[in-house]
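These are my notebook entries on one structure. I set down what I looked up, topic by topic.

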Amino acid sequence: MHRTVRRHLGKMLAGTAIAVTGTAVMIGVTLPGPAGAADDTRGGRTGTAAVTGTAQGERGDQGDRAGGSAAAGQAPEPGVVEAAPAEGEQGIGRDPLTDAELERVAKLALTPSQFAAGRDVDGNRGPQHLATNLGEIQPSEVDDAAPPRRAEVSYYDYRRDELVTKTVNLATGKVERTGVLKGVQPSPTRAENREATELILASPLGAGLKQDYQDAMGKPLTSVDQLWVNGGIYRADREENVPAALAECGTHRCVRVTSKVRNGPWIDTRDLVVDLSARTVGRIG
């Protein structure tokens, strides 16, 4: 079931990004070097560029025209990196949300009782935070000189299997709108992809992943930190021949994981689906 995709020396595999749409999975991989995906940090392995300017004679001519500030063949002065300007407490207009605004929204969006009632992907108190974005202005506010800034916050409550959205007015501090939806599954977060991989490693169905890692690296796979993982939502209502263990996917929050050895080859785990709501692992295909 599991295959290790290896890069042949001197060749490059190029493809598209991962897209999981329910009925099909398309995986494309770009391996810029022996290490693999560009998401890994490899200490400069993503390439460098040297700016050498024009030919020596042209540099001399340019230096003469600029008043002799640079001699022909002389290395240019090192660049100066300026510090980013200080970020204000409150953004202006359509500026991205500031750190202070994000912190304020996190406190305003949920009441203490709402927080205590929800559960995140690990089963801890509080719903799983998915995203916080700058909200759209209302049609009636388009011509306003300074329309109010709002934040749109989304959570997934694993206790109730509900997507919860909150609209917070940053000027007044009030929650203007609350939405609760079932059966709506936004893309998983990094924390959810990590938890899904943890559940795979703890499951008997993760034996193939561990064996592929052992074959590729010559050492055991004992932690998700040894992998780079990504994932997409899996829905049972868009698939055929769904195993019983995954029949609730769509109502439950289910993730199909793709994995890669850090600084190494890809490992095919597309046949494994994790029901994060039930905390179970199933195999498809």
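**Entry 1: a hairpin**

How many residues lie between E6 and E7 in their hairpin, and which residue in the turn has a positive phi? I found 5 residues between the two strands, and Gly173 in the turn has a positive phi of about 80°. I note here that helices (H or I, at least four residues) and strands (E, at least two) are DSSP runs, numbered from the N terminus. Two strands pair if DSSP finds at least two bridges between them.

Before going further I recorded the basis of the entries. The model is predicted, so that local features need pLDDT of at least 70 and side-chain atom pairs count only at pLDDT 80 or more, while totals for chains, interfaces and linings use all residues. Residues are numbered from 1 along each chain as its sequence is written, and side-chain values use heavy atoms, with hydrogens and water left out.

**Entry 2: the chain as a whole**

I looked up the overall composition and found 5 helices and 12 strands in the protein chain. The chain has 285 residues, of which 38% count as buried. Buried means under 20% relative accessible area, exposed means over 50%, and partly exposed lies in between (1.4 Å probe, protein chains only). I also looked up contacts, where contact means heavy atoms within 4.5 Å. Among contacts between residues at least 6 apart in sequence, 55% join residues at least 24 apart.

**Entry 3: the sheet**

In what order do the 4 strands of the open sheet stand? I read the order as E4-E5-E6-E7, with antiparallel pairing. The edge strands are E4 (128–134) and E7, each of which pairs on one side only. From one strand to the next, the twist averages 15°; for such angles, axes are lines fitted to C-alpha atoms, for helices over the stretch in contact, and the angles run from 0 to 180 degrees between N-to-C directions.

I then went through the pairings in turn. E4 and E5 are joined by 6 bridges in the antiparallel sense, and Ala131 has Ser154 in E5 as its bridge partner. Strand E5 (residues 150–157) pairs with E6 over 8 bridges, again antiparallel. Across that pairing, Glu152 stands opposite Thr167 in E6. The hairpin of E5 and E6 has 4 residues between the strands, and Asp161 takes a positive phi near 50° there. E6 pairs with strand E7 (residues 175–181) over 6 antiparallel bridges, where Val168 faces Val175 in E7.

Is strand E6 mostly covered or mostly exposed? I found that E6 (residues 162–169) is mostly covered, with 7 of its 8 residues buried.

**Entry 4: aromatic rings**

A pair of aromatic rings is described by the distance of the centres and the angle of the planes. Rings of Phe, Tyr and Trp (its six-membered ring) pair if their centres lie within 6.5 Å; planes under 30 degrees apart count as stacked, over 60 as edge-to-face and the rest as tilted. I found 2 aromatic pairs in the structure. Tyr156 and Tyr158 form an edge-to-face pair, 4.9 Å centre to centre with 70° between the planes. Tyr156 counts as buried because its relative accessibility is 1%, and Tyr158 is buried at 9%.

Trp228 and Trp266 form an edge-to-face pair as well, 5.4 Å centre to centre with 85° between the planes. This pair links distant parts of the chain: Trp228 is in strand E8 (residues 227–233) and Trp266 in strand E10 (residues 266–267), 38 residues apart. Trp228 is buried, with a relative accessible area of 13%, and Trp266 is buried, with 8%.

I also checked for a charge over a ring (NZ of Lys or CZ of Arg within 6 Å of the ring centre and within 35 degrees of the ring normal). Arg253 lies over the face of Tyr156, at 5.0 Å from the ring centre.

**Entry 5: the disulfide**

Which residues form the disulfide? I found Cys249 and Cys254, with sulfur atoms 2.1 Å apart; a disulfide is a pair of cysteine sulfur atoms within 2.5 Å. The structure holds 1 disulfide. The torsion about its S-S bond is about -85°, so the disulfide is left-handed. Both Cys249 and Cys254 are buried.

**Entry 6: Pro186**

I located Pro186 in the loop between E7 and helix H4 (190–202). Pro186 counts as partly exposed because its relative accessibility is 27%. Leaving aside neighbours within four places in sequence, Pro186 is in contact with Leu130, Leu163, Ile233 and Arg253. Pro186 and Ala131 are 55 residues apart in sequence and 9.9 Å apart in space, C-alpha to C-alpha.
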